[in-house]
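My notes follow the structure.

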Amino acid sequence: MDEADIVKTDGRCIYYVSRVENQVIIARAKDGKTKRIAAVSNHGNVSTIDLYIHDDQLIIIGRADGDLLRTQGSQYSRGSTIMSVYDVSDPADPQKTGQYIQTGNLLSSRLVDGRVCLVTNDPVYSAIPGGSVPQTSAGSELTPVPLEDIRCFPDAMTPAYTVISLIDTSGKKVTADRITTSAILGGSEEIYCSGPSLYVTGDVETDRKAGEMTLLPERLSRTESRQTRILRISLAKGKLKNRATGIVPGRINNSFSMDEYRGCFRIATTSSQSGQDVNNLFILDEKLKETGSLQGFAPGEHIEAVRYLGNTAYVITYEQTDPLFIVDLRDAKNPTIQGHVKISGFSTLLMPTDKQHLLGFGFSTETGDFGEYTNGLKLALFNISDLMNPTVADTLVRTGVSSPIQYNHRALLVGSNADFYAIPYEAAFTTVRDDVSGPTDPDTDGGDVIINDAEEPDSADEEYTGSKSNSGILMISTRGGRIKVLRDIPTQKPLSRCIYIGDWFYGITWDDDIEAFPIG
């Protein structure tokens with residue numbers, strides 16, 4: 001299973017989305033040298049979003065504004081999501097082999113066993129005759145989804161369809177007989193895919209007075225009545241089959257809040273009780289009926305990150321500190337908190353590095369006159385060898401530094417055998433304060449600390465002694481239970497992603513250049 005991104009590699013070439021040129025650029029890469037060999041352009045009204053590389057196929061997903069439809073003197077624009085497939089067995093000469101269109105804005109996608117699972121939110125256009133039904137096309141003309149393939153959530157009040165298609169790209173052409181589509185009235189917000197099953201979640205709100213489901217705009221900020229609706233869809237044998245629906249209190253943080261394990265579905269949410277945030281973890285069976293739950297922990301805080309490893313859940317909550325909660329899920333009827341540890345700042349992504357450690361990527365924080373605020377990048381290495389008594393093994397803080405990893409997990413590059421982790425970063429002009437290192441107290445930031453300079457250089461030629469570039473690639477190791485900076489590679493421009501081929505890093509800049517650096 002794979003997840004789309006703005007850059008991919010097949011080990012020979014780099015394929016990346018050009019935001020400047022609105023196309024996919026193909027560059028051959030070898031020994032730190034790159035050469036642009038081809039580009040795949042979209043039509044003028046199609047914005048390229050992301051891509052896959054699979055079996056000599058380049059799969060591009062884009063967004064089209066659509067044609068303006070005029071009804072009763074008004075104009076309506078219906079957006080569509082377009083998937084284009086190219087044969088790149090010769091990457092210098094990509095050949096288009098198929099195209100698929102479905103109405104709606106892209107929610108997310110997954111590549112599962114050679115099939116693309118495409119999920120969109122398609123608003124209902126009641127003022128347009130015939131425009132209220134989702135449409136698809138494997139050719140040139142859009143056709144309505146058959147009514148027998150359309151369902152409705154019993155609590156649906158959101159004026160949008162969730163449109164799900166499973167597209168087999170293994171053939172030479174993307175044809176209608178290789179596509180299965182289903183539409184459900186009721187919009188969605190997140191997806192989680194285990195491979196055999198797809199879980200789609202949406203936000204619903206309960207009117208406590210009337211006991212009915214509503215989605216009134218003026219009430220969207222309230223969490224007392226917010227709930228998360230879950231739909232489980234089977235993807236077996238390339239067919240879409242709705243298997244179950246369920247509802248749990250609260251809202252999820254992102255797709256990492258969900259997990260499927262040995263017939264159970266686990267989901268972590270933040271809800272509200274008496275105007276105060278509380279957090280929950282629910283365990284549901286295959287019919288999405290609750291078997292057990294842990295509710296109301298970490299009052300006054302909200303979930304920032306979740307990671308499931310087997311029968312254990314690791315949950316980061318945040319308000320003024322960053323507690324890591326370890327939840328025992330072995331008893332599906334009675335999940336319990338085994339241990340927790342607090343640390344300043346908060347993590348937004350948790351990555352297991354070995355059986356004893358969990359690495360958190362997120363934000364450092366500082367308390368000022370108006371409360372706590374984020375002020376940089378923070379990495380925290382948690383020792384989870386004793387689930388009852390987790391500890392903070394090490395931290396790394398860079399004040400004034402930001403990274404795409406803080407809000408997008410795809411920005412993390414993991415080396416083969418997890419021998420290194422690399423992330424792009426950007427900062428103001430900074431200097432190193434290297435007098436703090438080693439294992440740290442849970443409430444004390446340590447490791448390699450970077451602080452802002454009071455003044456910037458007067459010219460581009462002036463340099464600070466001991467200064468670091470204001471953008472780069474941070475390459476670290478966590479072996480031995482310590483965060484060790486292997487390399488801090490200055491870059492000429494800020495990067496959106498970094499990848500590696502052989503012994504070389506390749507960084508994709510925000511304006512579509514490629515910078516190369518030796519790994520060693």
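**Second pocket, then the rest**

I began with the second largest pocket and asked which strands line it. β2 (13-18), β5 (46-54), β11 (105-112), β18, β27, β31, β43 and β44 (504-509) each give at least two residues to that lining. β11 supplies the most, with five residues. I keep in mind that this is a predicted model.

I noted a volume of about 720 Å³ for the second largest pocket. Its lining has 40 residues, and E3, N408, H409, R410 and R497 are the closest to the centre. By class I count 18 nonpolar, eleven polar and eleven charged residues there.

Next I took the largest pocket, at about 940 Å³. I found 31 lining residues, with D2, E3, F256, H409 and R410 nearest the centre. The classes here are 19 nonpolar, three polar and nine charged. Strands that each supply at least two lining residues include β1 (7-9), β23 (258-261) and β36 (413-414).

I then moved to strand β17 (residues 179-185). Six of its seven residues are buried. β15 (residues 150-152) runs parallel to β17, joined by three bridges. There R151 faces I184 of β17. β16 (residues 160-168) runs antiparallel to β17, with seven bridges. V163 has A183 of β17 as its bridge partner.

Last, I checked R243, which sits in strand β22 (residues 241-249). Beyond its neighbours within four places in sequence, R243 contacts R232, I233 and S234. K287 is 44 residues from R243 in sequence, yet their C-alpha atoms are 7.3 Å apart.

Notes. Residues are numbered from 1 along each chain as its sequence is written. This is a predicted model: local features need pLDDT of at least 70, side-chain atom pairs count only at pLDDT 80 or more; totals for chains, interfaces and linings use all residues. Side-chain values use heavy atoms; hydrogens and water are left out. Buried means under 20% relative accessible area, exposed over 50%, partly exposed in between (1.4 Å probe, protein chains only). Helices (H or I, at least four residues) and strands (E, at least two) are DSSP runs, numbered from the N terminus. Two strands pair if DSSP finds at least two bridges between them. Contact means heavy atoms within 4.5 Å. On a 1 Å grid over the protein atoms alone, a cavity is a set of points where a 1.4 Å probe fits but cannot get out, and a pocket is an open set with protein on both sides within 12 Å along at least five of seven lines; lining residues have an atom within 4 Å of a point. Grid points are joined across faces, edges and corners, and a volume is the space filled by probe spheres set on the points. Ala, Val, Leu, Ile, Met, Phe, Trp, Tyr, Cys and Pro count as nonpolar, Asp, Glu, Lys and Arg as charged, and the others, Gly among them, as polar.
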